[in-house]
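Subject: Structure for you to look at

Hello,

Here is the structure I promised to pass on. Please open it beside this message and follow along; my notes come after it.

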Amino acid sequence: MIEVRGLRKQYQMGAVTVDALRGIDFSAGDGEFVAIMGPSGSGKSTFLHLLGGLDYATSGDITLNGQSMANLSDDDMAVLRRQKIGFIFQFFNLMPTLSASENVALPLLIDGQNVDDYQTRIADLLSKVGLGDRQHHKPDQLSGGQQQRVAIARALVTNPVIVLADEPTGNLDSNSSRDILSLLRTMADNEKQTIIMVTHDAHAASYADRILLLRDGLIVHEISGEKRTTQTIRAVMSELEAIE
Amino acid sequence: MMRSLNGLALRNMGTARVRTILSVIIVLVGVSMMIATDGFTESMRAAMPGADEGQNIGSFVLGTIDILMTVSSLVIMLAASFLIFNAFMMSVTQRRQQIGMLRSIGMTRNQILRLVVMEGLAVGIIGTVIGLIAGPLLSYGLGVILKNVGGGMFTIDTTLTIHPATMLVAAATGIIVTLLAVLIPAWNATGVSPLAALRPPQTGNIEHSPRRRAYIAIFIMLALMIFLLINPPGKWVESPQGIQLTLLFSGIWLVCMLTLLPVIVEVTADFARRILSKRWKMTGRIMADNLQRERQRVTLTILTMALSMTMIIAMTGFSQFFLFKLVLDVMEERSERTLYGVLPFNMNDGIGAFTSSELELPDGLLDELYSKTDGLAAVAPIRIAFIPELASMFPDMFSYVMSPQEIQATGDFLFTFVEGDWETATPMMESGCGILVSPAVASRLDVEIGDTITLDSPNGDVTCTLAGIGTTPGTASIMSVAGSEPFEPTPPIEVAITPYVGVDDATVEVILFEIRDDYPGIYVENIGNIVTVMQTMTGGMAGAMNGILVIAVLAAALGILNTTMMSVQERQHEMGLLRAIGATRNQVRNMVMGEAALMGLVGALVGLVAGAGMTIIFVVTYGGNSVGLTDMPLWSTAFEVLQPALITGIVGLIVAPIIAAIAAYFPARNILKGAAIASRKRSA
């Protein structure tokens, strides 16, 4: 469960203060898949960074399963990230020196866990993402889609409160994109994993339960239920971009 | 399965194999040079068995070799630290996204710091361990090279003697230097934001250097040179202030050059852009522009090359001044009057002479010399003693032990007064322990003529009187025979024979040759030959040492190889783009090699200016006062000394860019293998 209250973020660009987020309220429950969309400069990336504890908010608070992220030190934030948040990046960001299973185990190693205790979980996760037979392959021996699957398994290995995905299909072909999105959907449905995904792609967003549309640092629109079709999302996005 | 984060550090080393190997190589070269310095001088010392006097004579040569090799190893260690610093800085820059990802999935700053330091530590340990093994081998190899290159002048004992303390110091230096070099990159890595994981990798753009500091540096350098021109300290400074002032001015000169370096790089790049873009169009332009990207990395790489060149040029100038102008040329000037040396060794054997000889004159020889040359020539037996307080150039340098009459018998060859005269000196030297020393030694002992000084001897304290200050061959001090017994001087080890004025030299020579023929193992040389042999020996040694110093240039070339390799990797995308829009493989490769050659050229150029400046500063500031050469024409001496140094520098200017271009060839070739699309794919 993640809750966001009055989230603001200001940047200083020379003498100019930029309001990247201007007071966002938001929450997502277990097993919910939320997509965040918006034109360039709308604040969606900043929002994701703050949700992931990669950056500090100017004001407001985020709570993860009741734990506030405000006032956490850099090290405490790192511990929070490793234990409660999973990340999936656009560029996969796997360690090229490590095998698929070792990449999945990385957050556990960072957390000082005995990896041997997690062998079954790692193998299960890789099987779930369809790479049961690729555990010992290095990233350069895997396709883009397969690398992103490893990244998903890595994001899930610590059983995080939320998984944040930044354009997870931005670097993939349409077939691989479809597979990855289906996988995320399955994780939300079957594993009750909360997933928050930033995307430009209306089709990708249509896999989510809710689509939040941001503009000028505010949530200006939300699409959910039956309306979350690719066409509707595209139409709303076009309207937002036209206003720009 | 990897079980700890240390494993990740080791895996990272495995990925950047070439960078790791280069870093290991340079650490091992530095460590092995430190060990070789000890082993090599020990080998030479061991080649002079049982003859303390031989070792004392040889200490002049050994001391010089020791200084040159120590400086070489220190410069190589410095080059190693630059290379490792550069390599890790580049590695951190290249892995920003990866480090960002590790941060985003929960790695703390401390864990990141440990990860990078672990990599550095592993490089340091591997390089040091191999260096500890390679050091003795290098020592042996250098011995063999010097033995052959030195034209038989050097005798090396093949039994290796390496002090455990040297091994410990070398090992500690290797690891500490590596760790220090890695510390800043590691600290930089901790500053990588987890957000870096979300951003695509970027390559550096052209950066400009601040000009103001450069103008100040130029002003200081000009002011220093004008000061040296108007009021050269060599005219008035006395030892030890001469050394302090020389070090101060050299330091100022080097700091100014260092400040100037980024601007020199920028100006060269601007200049090269104009020329190269005319010759090679866009390829030439990019080649020059790339010199201005990643300024810190390029500057450090050039600095490594510049330091090596500075050292070679300054050392050439230093040895020319120190060995020739202050010692051998003085002896040559004073050898105009015929003087014969009756020696128990063959001068032509060089240092080897001291290995096979007992350095003792056979019984009866001295008496025969006195009797047969009576009325024709003055006979001056030369004894030596080891008196640390009177040592001049090196701590274990010998002193002559002679009577004032024997010294005067050689004309002004053995001693020329700067202060005092024979009238006052003779009674002091006849009535007890009297000493004649160079101005540097007098200054160090803080005594004036007539002052007494207590010297340590194997048989207790001895009070001696300073009888005169002046110049002696090789700057060695002279003690009177009277009062010298407590210092246990050797029996005469050679005899100087000076024909009296009006006596035909040939008559004396015939007598000496007849005596020589009666005593196997005894040689007769006139002073001209002795000086020529010493000059050849010293020249050979300086040449061989220059050869050893080339190792430092090769270490710098490793730096260029490393920098080129990493910047080529970093710019794969760019190169792929160039290939995609029609650049041929040769064009791109030439661009990379040209860029490296430019780095080598600028490094050599900066090294030439820095080294030449240091040579001038050394000659004009230190001058000849310390050895009694008060009338030395400083600037003309500086230019004379500079000539061989400049020749070395010009050779460097030609060789350094070629070495750099060759070093760059391999990474350029590797990256450009295959079709144009492959370069782009590799960057994805």
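A salt bridge here is a side-chain nitrogen of Lys or Arg within 4 Å of a carboxyl oxygen of Asp or Glu. By that rule, chain B and chain A share two salt bridges. One of them joins the side chains of B:Arg109 and A:Asp74, with 2.8 Å from N to O. Please keep in mind that this is a predicted model.

The interface between the two chains

Seven residue pairs are in polar contact across the interface of chain B and chain A, both residues being at pLDDT 80 or more. On the side of chain B that touches chain A, the elements giving two or more residues are α1 (5–15), α4 (96–104) and α5 (109–149) of chain B. Of these, α4(B) contributes the most, with six residues. By residue type, that side of chain B has 13 nonpolar, nine polar and five charged residues.

In total, 27 residues of chain B contact 30 residues of chain A. Together the two chains bury about 2,700 Å² between them, and 63% of that area lies on carbon and sulfur atoms.

A helix pair within chain B

The other item is in chain B, where helix α9 (residues 295–333) meets helix α18 (residues 585–622). Their axes come within 6 Å and cross at roughly 35°. The crossing of α9(B) with α18(B) is right-handed. Their contact is made up of 21 nonpolar residues, eight polar and no charged.

Regards

Note on methods
Residues numbered from 1 in each chain as written. Chains lettered and ligands numbered in written order. Predicted model: local features only at pLDDT ≥ 70, side-chain atom pairs only at ≥ 80, totals over all residues. Heavy atoms only, no water. Contact = heavy atoms within 4.5 Å. Buried area = accessible area lost by both parts, 1.4 Å probe. Polar contact = N/O pair within 3.5 Å; in protein donor to acceptor, adjacent residues only side chain to side chain. Helix = DSSP H or I, 4+ residues; strand = E, 2+ residues; numbered from the N terminus. Nonpolar A, V, L, I, M, F, W, Y, C, P; charged D, E, K, R; others polar. Axes fitted to C-alpha atoms, helices over the stretch in contact; angles between N-to-C directions. Left-handed = near helix turned anticlockwise from the far one by under 90°.
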